[in-house]
Amino acid sequence: MNQNILLVQPKFPTPSKSLNHKDFLPIPLLKIASYHKTLNDAPHLVHGKVNIDFEPDLIYITSLFTYWQKEFWETAEYYRTLFPNTPINVGGIYVSLFFENSEFQKKCAELKVTANKGTVEKFEKSPPDYSLVDVDYQIIHASRGCKRHCTFCGVWKIEQEFVPKESIKNEIVKNKLVFYDNNLLANPYIERILKELSELKIKGKSVYSESQSGFDGRLLTLKLAKLLKKARFINPRIAWDNSFEEWNKIEKQINILLKAGYKSKDISIFMIYNWDYTFDEMELKRKKCFEWGVQIADCRNRPLTQEFDDYNGRVEQTNKDYYIHKNQGWTDLKVKKFRKNVRRQNICVRNGYKFHSSKLERKVVPKSDYFKIVSMPMHEIKRLLPDAWWPSEL
Ligand code: SF4
């Protein structure tokens, strides 16, 4: 057939400058590339709005979060202008979540683009073509969907059925794996999969894994935690989405991971904030994590209908710039304060510090001096380092 296939990942404002950040690899486009190669077509992957020196026969554009739709539409408009008559297919998270929205459908019609909701079976069956990206890791799914229905999450709306795999060993080609499963432990074959991983060698070397989503701590048992450790899963993360009162349940889950051999500073707790728990309650949760010596992976809540996000941590902002959850008294100041506290606390946890100071963080004050300073009374430390902040204090 030898068609030229243009695969476009819009330039999203990803936090990392790295083009192929492991959280944002355009796996659907890599699968589409693989599928088209079986038809002897020539796929070309580009990022953002770039000059194209060939005439594509077919264009695919992916989308990501709903609040990054501006970048998606600008990219679609750009390629429609460049190639007025080429078929354009669009898909991804935003497209799937807005598929039934009449304004969305109107825009698709105006631009003459075909929207696809969820996964497309023929592409889903193709392995991602890693030759198009320069990465040393492999993204993998041992399941699709999630059996739970958390109100803030779109997974169960896009992937309505939980589909587990029995085995994944034949799919693995690299020594580093990043699981994109939404609820890895819910897979009824998880023990078998973890045993496969612990025994697997690629190019004579062991395989290391991490999970992009947190583990569902409610499903975590000591047996599973030991299998995760043996399967060389690094940096385990569990979620604490509910109230502070649930702290003893989270503590049990952390203790299971500790018993399995994980170090507390390598464990992270996912926490949604700017959400249905107040700033004060989130601060109690934060402080508890400091007592446990675990890090926090903070997630700022943005509704699934949010269409923009111009959050900037360095300036004062309003709901016109990004979503501020007014119900529980969240304000711009509180959102930014919580984020700042988590960041400083994580630095303390990683370094074993009792307090944070920007001079310590930037190594203007060397780590060796910390051990002399820390034994001083608090007011003395404050005199030396006026921005000193103690995560253990509310
Ligand atoms: S458990 Fe995780 S993936 Fe499943 S619905 Fe809740 S937030 Fe979404």
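**Contacts and charge pairing in the predicted model**

Ser243 touches Tyr277, Glu281 and Lys285, leaving aside residues up to four places away in sequence (contact: heavy atoms within 4.5 Å). The model is predicted: local features need pLDDT of at least 70, side-chain atom pairs count only at pLDDT 80 or more, and totals for chains, interfaces and linings use all residues. Residues are numbered from 1 along each chain as its sequence is written, and side-chain values use heavy atoms, with hydrogens and water left out.

Ser243 sits in the loop between β13 (237-239) and α9 (247-259) (helices are DSSP runs of H or I, at least four residues; strands are runs of E, at least two; both are numbered from the N terminus). Ser243 is buried at 15% relative accessibility (buried: under 20% relative accessible area; exposed: over 50%; partly exposed: in between; 1.4 Å probe, protein chains only).

The whole structure holds 24 salt bridges (a side-chain nitrogen of Lys or Arg within 4 Å of a carboxyl oxygen of Asp or Glu). Lys31 pairs with Glu124, with closest N and O atoms 3.1 Å apart. This pair joins distant parts of the chain, Lys31 in helix α1 (residues 27-38) and Glu124 in helix α5 (residues 121-124), 93 residues apart. Lys31 is buried at 8%; Glu124 is partly exposed at 28%.

Lys336 and Asp332 form a salt bridge at 2.7 Å, N to O. Both lie in helix α11 (residues 332-351), 4 residues apart, about one turn of the helix. Lys336 is buried at 13% relative accessibility, and Asp332 is buried at 9%.
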